[in-house]
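The following note is meant for a colleague who meets this structure for the first time. Please read the numbered points with the sequence and the model at hand.

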Amino acid sequence: MSTKVDDPRVIEFDVRTDEMLINMGPQHPSTHGVLRLILRTDGEIVSEVEPHLGYLHRCAEKIGENLTPRQWVPYTDRMDYLAGMNMNLGWALVVEKLLEHDLPEKARHLRVIISEMGRIASHLVGMGAYGLDLGTFSPFLYAFREREKILDLFEKACGARLTYSYLTPGGATGDLPPGWVDECRDFLAQFKPCIPEFHELLTNNQIFIGRTAGIGVMSAATAINYGCTGPVLRGSGVPYDLRFNGEERYTEMYEGYQFDVIVQDPETGKYPDPHLEEFGDDLDYPEIPKEAILGDCWHRFYVRMLEVVQAIRLVEQALDKYESASGDWGQPIKLTQKLPKGEAYLETEAPRGQMGFYLVSTGDSIPWRVRARSSCFCNLSVTSELCRGTLLADVPAIVGSLDVVMGEIDR
Amino acid sequence: MGILAAVNRVYWHEFFFMLFAGISVVFAVCVLLTQNIVRMAFYLVLSLGSTAGLFFLAGAEFVGAMQLMIYVGGTLVLLIFGVMLTAQQRYVKMNTHPTDWVLATIVGGSLLVLLIGAAAGVDSWKDASASKKALAELDVDDARTATPLGLALTGVRVDKLDSDDPALANGQSGYLLPFIIVSVHLLVVLIGAAYMARTKRSATAPVGRAERARLNIMQMEHETDDVVYSASKQSSSSLLDSDQSQAEESTDEAQE
Amino acid sequence: MIGSLVSTGASTVTEFISQNIFGLDDPNWFMYLLCGVIAAVLVLHVIAVGALFFIWAERKIAGRIQDRLGPTRVGGKFGWLQTLADGVKLIAKEDFIPRDADAPLFKIAPYIAFAASFAAFLALPFADGAVAHHVNTAVFFVLAVLGLEVFGVILAGYASGSKWSLFGAMREAAQVVSYEVPLGMCVVIPVFVAGTMNLTTIGEMQAGWFNNWLVFHDPFTFIAAIVYFTCATASVNRAPFDLAEAESELVAGFHTEYSGLRWSFFFMAEYGSMFLVSALASILFFGGWHPPIPIDIWILEAFADPDLVAAGPLKDAVPSLVTFLVMLIGIATLVAKSVIGVVVMMWVRWTFPRLRIDQVMATCLKYCVPIAAVCFVGSMTWETLDLPSMNTINRYEIHEDWSEDLAVSTVGEDGVDPEWPEDENDDESSEVMDGEEAPIEEDSVAVQNGLSLQEGE
């Protein structure tokens, strides 16, 4: 019964005398969570990066074999804890897929509002923390100032600021309180002029471009081979967004909405027009710097910035549709709802990539197997490829551009 | 008041001379005696810094500042750099062989005897009161500017304008030629050092970050095909293992 | 002020104290010791109180830039005493030395950094007459001693016994040493415009309205001032050049293993150096201790005794209390200008990301050095060709004492360019000064000084 497990503290590969093995983490201001990176460097040049995971593993999937689907919703919050709403959505959709449960219209629009607001909140953290990795502290706080306002809105909606458990199988735990829609509109009106501020501080900043352009270049083939998804994939030029290309049960949520997939057009070399006229005339969108190569850190960062704009568009449309929709917010399913025998798998476009949930049931109310496919796990696996031959100071830049959250990787 | 008059014997000039000279000598001896190479370099810093102190005490502020900037701030930084980077486990301790000690004592000792003999032979240094008188008469302000020095280096000796020699009285002699020769020499050394320390590039190696990035993409695409292929072949080994072996191979390639 | 008089050998104040207070004729060793200690303590207070103030200012400014308040509780609504509270906390911390550390070197490293920063203040004049040690080659001295601060950092990095600290120390040393080159080049520009390395003289030359500041001398000095400020920021390891302390990459670089009072010494050294390079920038480029509007000159003129005005410098013609007041105004002005410089450095720190080491080196070698060299040549050309400038400096005045011993002074009788007479007997020996063989005017400065030169002597 004994299995031989290698002692993770022993590094076995041989080190040449002119190389250094440097350990970054697990407690480290720069890695996004408890991540241990072992770097093999020759002076300043990194030759290999090996990520060691598992410091945040909480057996969520095993626990899912003991709880009903509605009871398991809080565990999804704690996976990608910076985008809890989107995790809730993924789980809710897969349970509804297994149950073949349909939602009223209002619930659908409510989900769009909430998940896109969650996307904005998540990208704000990604952008701010990326600046922090590179040494600029102020954009981090500006991003969090805006995120605080979104979290206040979420707190009014469901009572929690980080671990929401709001979108449950069947709909949501409750409707948006009266006045929420207007407050949301006020927030968006105030948020839009802040975006050029971020461009000035980060995207357009010469030092930032010097730190991110041309660094960590990943080709489309590599991205696909490693299973990277989300902005990481689209930053390499692959036009794949599950809100367009995904399963019907997911894409029908976005039916009737106008928005773009943020990816660079291979012919023109430009990103989709962010529809400046809706934002006012005095907003200037940054040009792509000449040092930036498709697939580098700058492009991944830029894709996230533009996705925020698309998310704002979606929220504005969704608010209007929500107000004029019929039906209720989607009553959650019964706590002890019996699941039909079978399995279901659904991937959604979470802010950090494609988050998939897999549910196998044997006819009981408690599932037989629950599995979460983490987007950041595959995104992180490409680190060694990207960091090879770069300088030591580029490693936080590359890992930051992948925007990983350890909660999702370790589950 | 009585106490102050009674202890009116401390001469600060002598006190500081003793202090600086003592520190120089003591730390120079410590350089000899210590076995830790980094500490050796550090004691040298203190010793040379003290020498700069001696210059300041003599009123030669420019020379003292030069000592600090060139010796301590330049040469010793280089020395400490070299020592610090190579002082890993095996090389920290320096054990001097006894025969080296004997040889060094002979050479150093004979130099010391020579110097002491030469110093003892200077008549004007034998009389202590003469030095006190010279100290009192020293016109301190004059000695401190660097402009006469600079002018001398560029061809005019302004401190000798009232001498008997007609050439010196006209301000004709200076050190311009040696100065120019040394400057050209330093330029040659700089160029030589830059040339020798350049990154060696082979004829086919790519230049520039964009090119390197593109080649990296091509290399990665080539490799990931192998990875995918080998992963599907192997049943037990993980993707990470093959990644590792791939990484090691390519690291070896990159090192060549 | 006391210290400067100590060092010029006249020791007027020590004599004053010993005669009047202690009743002795000659200042004895105790007087010198007392004056030296007072000077040292005054300079120490500049650094210590400066650090106290700057840490508070940094937290407040950082807070405001980041849309928050900063300390607001300790010592009133603005958190004045926050730094003091932090200091008490740091002193009370456990003195922790890692096992692999080289203990004596580990302990001494912060003091070396602090000592280098402190020593550079000894030559810095805060006003005319308010300098600890009046060094004639002050600019060179300050630059030389500033370069010693890197030792503290290298030793700290090495002696911590950790790879991360070693990395940080190596990068810092390479950076500081590289940036000394463009720093030196930028500093030399006001030195040759002024004609002296004496900081007091350079500062005095910029008296008057702000157009007399050396930064407005020609476009090249303007650019040189900006390049100087950039190189100075790199030289004291402030963002965006602060990879030695790069928190997100190396935890805290070379001072990772330091805690408590030892750590705070590094920061006192850093803030002291920041203040020093800002003060140096103020004196060299921005008018020193003279306010932009010449209030100090007006005060001196208001209280000047008309009989004494013609006989010597303006300062001797006023009662000593007024001189003292003007000196205080000068000190306050210089401190204000330096504080503005330090605040600009803080502003830049909280706005920009950090540069990588290769980018730092590229900035130094590819940008700062060539620009500084071009400014050097440009400024020199401007001077030589006597192109117009906003300053009212007399370019032909030599400011060193030794020049009075020369047979010929280069200042004409009314302070304008002397007219060089034609010399018919032009032989090779007249390379130095053309006016050597010219007839000496009766009331030229040389004759007034009692010297004369006849042909053939």
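1. In chain C, helix H5 (residues 103-121) and helix H7 (residues 149-159) have axes that come within 7 Å and cross at roughly 165 degrees. H5(C) is therefore roughly antiparallel to H7(C), a term used for angles over 145 degrees, while under 35 counts as roughly parallel, 65 to 115 as roughly perpendicular and the rest as oblique. Axes are lines fitted to C-alpha atoms, for helices over the stretch in contact, and angles run from 0 to 180 degrees between N-to-C directions. Helices (H or I, at least four residues) and strands (E, at least two) are DSSP runs, numbered from the N terminus.

2. The model is a predicted one, in which local features need pLDDT of at least 70 and side-chain atom pairs count only at pLDDT 80 or more, whereas totals for chains, interfaces and linings use all residues. Residues are numbered from 1 along each chain as its sequence is written, and chains are lettered from A and ligands numbered from 1 in the order in which they are written.

3. The crossing of H5(C) past H7(C) is left-handed, that is, the near helix is turned anticlockwise from the far one by less than a right angle, clockwise being right-handed. On the side of H5(C), the contact involves C:Leu105, C:Phe106, C:Ala109, C:Pro110, C:Ile112, C:Ala113, C:Ala116 and C:Ser117. H7(C) contributes C:Glu149, C:Phe151, C:Gly152, C:Val153, C:Leu155, C:Ala156 and C:Ala159. Residues are in contact if their C-beta atoms, placed from the backbone, lie within 7 Å. Twelve of these contact residues are nonpolar, two polar and one charged; Ala, Val, Leu, Ile, Met, Phe, Trp, Tyr, Cys and Pro count as nonpolar, Asp, Glu, Lys and Arg as charged, and the others, Gly among them, as polar.

4. How many residues of H7(C) are buried? Eleven of the eleven are, so H7(C) is largely enclosed by the rest of the structure. Buried means that 20 or more other C-beta atoms, placed from the backbone, lie within 10 Å of the residue's own; 12 or fewer means exposed, and in between partly exposed. The buried residues include C:Val150, C:Ile154 and C:Tyr158. After H7(C) comes C:Gly161, with a positive phi near 70 degrees.

5. Chain A holds an open sheet of three strands in the order E1-E2-E3, with antiparallel pairing. Its edge strands are E1 and E3, each pairing on one side only, and neighbouring strands are turned by 20 degrees against each other on average, direction ignored. Strands count as paired if DSSP finds at least two bridges between them. E1 (residues 20-24) and E2 (residues 36-42) share five bridges, with A:Met20 opposite A:Thr41. Seven bridges link E2(A) to E3 (residues 45-52), where A:Leu37 has A:Pro51 as its partner and A:Leu39 faces A:Val49.

6. Another open sheet of chain A has the order E6-E7-E8, also with antiparallel pairing. Strands E6 (342-350) and E8 (369-373) stand at its edges with a single partner strand each, so one side of each lacks a neighbour in the sheet. The twist averages 10 degrees from one strand to the next. Five bridges join E7 (residues 353-361) to E8(A), and A:Phe357 stands opposite A:Ala372. Helix H3 (residues 84-99) of chain A lies across E6 and E7, at about 150 degrees to E6(A).

7. Chain B has eleven helices and zero strands. Of its 256 residues, 16% count as buried.

Technical notes. Contact = placed C-beta atoms within 7 Å.
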